[in-house]
Amino acid sequence: MKFLIIQPKLEKNIIQLERELRTSPSADVVIFPEGYLNENVEQACNLAKDYNKILIGGHRRLNDSPKDRAVIINRSGDIVLDRIKCNAPHCQDTFF
């Protein structure tokens with residue numbers, strides 16, 4: 001299994017992620033920094049499915065508190081983990 005770790009600049013859309021998926025066909029898993037997806041998770045799910053890649057990173061739900069979340073998207077474009085990044089007792093994990 002080949003991993004690709006990217007450090008894209010924050011952007012409104014996830015154009016850099018799509019470019020990396022397109023130009024790195026041998027990578028199986030792409031890891032990107034927390035917050036990169038912002039609220040573009042659905043778009044990332046579509047990219048994971050289109051390029052048959054596992055995506056691991058983070059996103060933000062701007063209307064939620066806490067905002068920061070970890071996410072894993074499988075090759076089928078399904079979210080297999082969506083976890084709040086919080087240590088407080090009131091924070092709960094959400095698994096799919």
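**Chatting through the fold**

Me: New to this one. How much of the chain counts as buried?
Reply: Of its 96 residues, 38% count as buried. Keep in mind that this is a predicted model.

Me: OK. How many helices and strands are there?
Reply: The chain has two helices and six strands. Starting at the N terminus, the elements run β-α-β-α-β-β-β-β.

Me: Let's go inside. Which residues have the most contacts inside the largest nonpolar core?
Reply: I14, L17, V30, F32, L37, L55 and I73. That core has 18 residues.

Me: Which elements each supply at least two residues of this core?
Reply: α1, α2 and β4 do. The largest share, five residues, comes from α2.

Me: Which residue is its bridge partner in β3?
Reply: L55. Three bridges join β2 to β3, and the two strands run parallel.

Me: Is β3 largely enclosed or open?
Reply: Largely enclosed by the rest of the structure, because five of its seven residues are buried.

Me: Helices now. Which residues of α1 are buried?
Reply: Q16, L17 and L21, in a helix that spans residues 15–23. They cover an arc of only 140 degrees around the axis, so they sit on the same side of α1.

Me: What covers them?
Reply: The cover includes β2, α2 and β3.

Me: Which residues of α2 are buried?
Reply: V41, A44, C45, L47 and A48. Their arc is only 165 degrees around the axis, which puts them on the same side of α2.

Me: Why would residues spaced like that point the same way?
Reply: An α-helix has 3.6 residues a turn, so residues three or four places apart point the same way.

Me: What do the buried residues of α2 pack against?
Reply: α1, β3, β4 and β5.

Me: Which exposed residues does the face turned away from that buried side carry?
Reply: E42, K49 and D50.

Me: What comes after α2?
Reply: N52 follows, with a positive phi near 55 degrees.

Me: Switching to β4. Which side chains point to which face?
Reply: They alternate along the strand. R69, V71 and I73 point to one face and are buried.

Me: β3 and β4, parallel or antiparallel?
Reply: Antiparallel, over six bridges. I72 in β4 is the bridge partner of I56.

Me: And how many bridges does β4 have with β5?
Reply: Five, and that pair is antiparallel. V71 stands opposite D82 in β5.

Me: How many residues lie between the strands of that hairpin?
Reply: There are five between β4 and β5, and G77 in this hairpin takes a positive phi near 85 degrees.

Me: Jumping to the start of the chain. Where is F3?
Reply: F3 is in strand β1, residues 3–5.

Me: Buried or exposed?
Reply: Exposed, with a relative accessible area of 51%. The cut-off for exposed is over 50%.

Me: What does F3 touch?
Reply: V29 and I31, not counting residues up to four places away in sequence. The C-alpha atoms of F3 and V29 are separated by 4.8 Å, though the two residues are 26 residues apart along the chain.

Me: What about S24, where is that?
Reply: In the loop between α1 and β2. S24 is buried, with a relative accessible area of 15%. It touches L4 and K53, again not counting residues up to four places away in sequence.

Me: Last one. How many aromatic pairs turn up?
Reply: One, in a search of the whole structure. The rings are those of F32 and Y36, with centres 5.9 Å apart and planes at 65 degrees, so the pair is edge-to-face. Both F32 and Y36 are buried.

Methods. Residues numbered from 1 in each chain as written. Predicted model: local features only at pLDDT ≥ 70, side-chain atom pairs only at ≥ 80, totals over all residues. Heavy atoms only, no water. Buried < 20%, exposed > 50% of the residue type's maximum accessible area, 1.4 Å probe, protein only. Helix = DSSP H or I, 4+ residues; strand = E, 2+ residues; numbered from the N terminus. Arc of directions from axis to C-beta. Contact = heavy atoms within 4.5 Å. Core = buried A, V, L, I, M, F, W, Y, C linked by side-chain atoms within 4.5 Å. Pairing = 2+ DSSP bridges. Phe/Tyr/Trp six-rings, centres within 6.5 Å; stacked < 30°, edge-to-face > 60°.
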